Amino acid sequence: MNEQVLKRNNVKVIGKGEKTLVFIHGYGCDQSMWRLITPAFEENYQVVLLDLVGCGKSDEKAYDYDKYSTLQGYTDDLLEVCEALELKNVTLVGHSISGNISILASIIRKDIFDNLILICPSPRFINTKNYHGGFDQTDIDDLIEALDSNYLGWSKAISPVIMGNPEKPELALELEESFCDNNPQIAKHFAKVTFFCDNRKDLEKVDIKTLIIQCAEDNLAALTVGEFVHSKITGSELTVLNTNGHCPHLSNPNETIQAMKQFLLY
Amino acid sequence: MESKFKINYEELYNTAPCGYICSQPDGKIIEVNNRFLEFTGYKRAEVIERKNIVDFLTKAGNIQYDSSFVVILKLQGAVREFSFFFVRKDQTRIPVLVNSVEIKNKIGESLFIQTTVFDISQRKNFENQLIIARNKSAKLTEELLELNKELESFAHIAAHDLKAPILDIEGHFEYIQDKLPSDNQETTESVKYIHESIKQFKNTIEGLTAALRIKSIQATSERLDLNKIIADLSPKFLAKVLALKGTYEADLGERLIVQGSEVFVRSVLQNIVGNSIKYHSDQRPLKIQVICKAERDFICITVKDNGEGIDLELYKDKVFGKFNRFNSTLEGSGMGLHITKKMVEQMNGKIYLESKLNEGTSILIKLRKGDET
């Protein structure tokens, strides 16, 4: 059972330490998006990496369209992974939509989770009355359609030419094999689940120490969204990095690491 | 000889048939070529150091850019053939394909991003049609699978529900048969006719059941020693052929390994040689030849007979169909060749038939070659 769970989510455990960091990637990619920041934690933490089912090298056969039609399916998987590894004193690090998954998990098992680190989280992407998520329904419909175009030559576009990386030839090899290489049908379904989610009401239920890392300019999760999350999670900290985009762990790994370390110290 | 053209790189850059963008790692644009300005409708001063690449994207494009494009670019150093819509100054959209590479200094720091933008308006029409066609075919496939499933369950019910009544009829008929006058010519004819009909009915159900069984068995795939299988079956074939005073030859040749299911390979051979025996000609002594040889990817098994043959001009499209019989005098469900073909196909093989009425039939079966080792 345990082995099955770990295989299903392509779980990798590295590093050493009493405390554990579990990294959960967001929509559109897989665990490889953490590779610029995990080395900084391997010395003092056990680092757990996983691919959400349907992404990366997870077991695609485990993708059940009913189960993963809400974030609860992913949350259950995350909890199963933590249970399979018998983790305690865990800090969940969730990017974007996986911030929501981390929040849901932390509400269910307060006993095993110490901290939440939410990187560019968004409890809801769609604008509603009195809430600015940043997107309208039609934008998301456009996205679903656009995914068709980018997956038209799926297998071809996803095995692009690798730029040489003389220092780390093994890196290039791995990338060539597969990278953010997600099944188009699943990617569409996951896009719908991600961009139509609404976890605003869950924010208030968070009862553990929480850090929100936010980029100064982020088109997917604007600063106002970060501030909204901050205002709803009691006692949370908000760190705004002077960088733009939605992936500070890639665009500005050093500052991201620093913000995380500072938070974890106390 | 001196060229009469002077190459001016700036000129080449500006007039290239695609848009060029040079941006900072965060996407802020530091240089573009004139072609890019021309097709987006902006003035140079409106773009340089004022716009970011994302400013040219739709909202949907923005999501893809932030959740996939930059991730791939950052981790891989390049992105190829990413499809976006670029928004012009007049708010119209053009479909484009974007390639980007990250330019780094010697110590691996990202300096800037080079991007080319190709207008694919014409290609997009074609692409849209392709997407529509693909979605349509996916939908049809789904419907077809659903229909097949229904058909199969219908066949199951039919096979099952017809079996009991015909056995009932048979039983009751045998019972009353003894009570019929045996000296009446007409009655005897009728009894014979009813018997044949019952037999035919049962054969049909049996064939149907067999066909369903084949569908439900997943063909296992293993390496099989074909020579061994043929050597094993041959004595049984030979006995039947000798009883008809015919000849049977199996040319085994070299050792041949096929990839497939042993149960399937055996029943395919039994069906085909069985047919040769069943449909022998009364005009001449039966002669059956089994010849095997290896091709590049396949092992070919030819079973040749000099039997009755099939009139292919009449039955060309029907030989491998269900419930088709080409000979009315002998019993049979008309399912034999259909099932045989299904089994061969389940093993990723092929089957061909050649036949001439009153001369004989030759069947070629191609099975996947197995590994030698």
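Lys205(A) and Asp202(A) join their side chains in a salt bridge, with N and O 3.1 Å apart. Asp202(A) is buried at 13% relative accessibility, whereas Lys205(A) is partly exposed at 45%. Keep in mind as you explore that this is a predicted model. Across all chains, a search of the whole structure finds 25 salt bridges, and a few of them are worth a visit below.

- Asp77(A) counts as buried because its relative accessibility is 2%, and buried means under 20%.
- Lys67(A), at 30% relative accessibility, counts as partly exposed.
- Both residues belong to a network of salt bridges that links Arg8(A), Lys67(A), Asp77(A) and Glu80(A).
- Another salt bridge joins Arg124(A) to Asp198(A), whose closest N and O atoms are 3.6 Å apart.
- Here the partners are 74 residues apart: Arg124(A) is in the loop between strand S5 (113-119) and helix H4 (137-150) of chain A, and Asp198(A) is in the loop between helix H7 (184-195) and strand S6 (209-217) of chain A.
- Arg124(A) is buried, with a relative accessible area of 14%, while Asp198(A) is partly exposed at 38% relative accessibility.

**Nonpolar cores**

- In soluble globular proteins, nonpolar side chains tend to be buried together.
- The largest nonpolar core in this model has 54 residues, and Val22(A), Leu78(A), Leu92(A) and Phe113(A) have the most contacts inside it.
- Helix H2 (residues 71-84) of chain A supplies the largest share of this core, 7 residues.
- Another core, of 40 residues, lies apart from it and includes Ala210(B), Ala211(B), Leu226(B) and Ile365(B).
- Setting aside neighbours within four places in sequence, Phe113(A) is in contact with Leu79(A), Cys82(A), Val90(A), Leu92(A), Ala105(A), Ser106(A) and Ile208(A).

**Where the two chains meet**

- At the interface, 30 residues of chain B are in contact with 36 residues of chain A.
- The two chains bury about 3000 Å² between them, with 61% of it on carbon and sulfur atoms.
- On the chain B side, Ile63(B), Leu75(B) and Gln76(B) lose the most area to chain A, together 25% of what that side buries.
- The rule finds 1 salt bridge across this interface; Asp142(A) and Arg93(B) meet in a salt bridge at 3.5 Å, N to O.
- Helix H4 (59-76), strand S3 (78-87), strand S4 (93-104) and helix H5 (121-177) of chain B each supply at least two residues of the side that touches chain A.
- H4(B) gives the most to that side, with 13 residues.
- Sorted by class, the side of chain B that touches chain A has 11 nonpolar, 9 polar and 10 charged residues.

**A loop residue in chain B**

- Ser281(B) is found in the loop between helix H8 (262-278) and strand S9 (287-294) of chain B.
- With a relative accessibility of 10%, Ser281(B) counts as buried.
- Its side chain reaches the backbone nitrogen of Gln283(B) at 3.0 Å.
- Leaving aside neighbours within four places in sequence, Ser281(B) is in contact with Asn306(B), Gly307(B) and Glu308(B).

Technical notes:
Residues are numbered from 1 along each chain as its sequence is written. Chains are lettered from A and ligands numbered from 1 in the order in which they are written. This is a predicted model: local features need pLDDT of at least 70, side-chain atom pairs count only at pLDDT 80 or more; totals for chains, interfaces and linings use all residues. Side-chain values use heavy atoms; hydrogens and water are left out. A nonpolar core is a set of buried Ala, Val, Leu, Ile, Met, Phe, Trp, Tyr and Cys residues joined through side-chain atoms within 4.5 Å. Buried means under 20% relative accessible area, exposed over 50%, partly exposed in between (1.4 Å probe, protein chains only). Helices (H or I, at least four residues) and strands (E, at least two) are DSSP runs, numbered from the N terminus. Contact means heavy atoms within 4.5 Å. Buried area is the accessible area (1.4 Å probe) that two parts lose on being put together, summed over both. A salt bridge is a side-chain nitrogen of Lys or Arg within 4 Å of a carboxyl oxygen of Asp or Glu. Ala, Val, Leu, Ile, Met, Phe, Trp, Tyr, Cys and Pro count as nonpolar, Asp, Glu, Lys and Arg as charged, and the others, Gly among them, as polar. A polar contact is a pair of N or O atoms within 3.5 Å; within protein, one must be able to donate a hydrogen and the other to accept it, and residues adjacent in sequence count only if both atoms are side-chain atoms.
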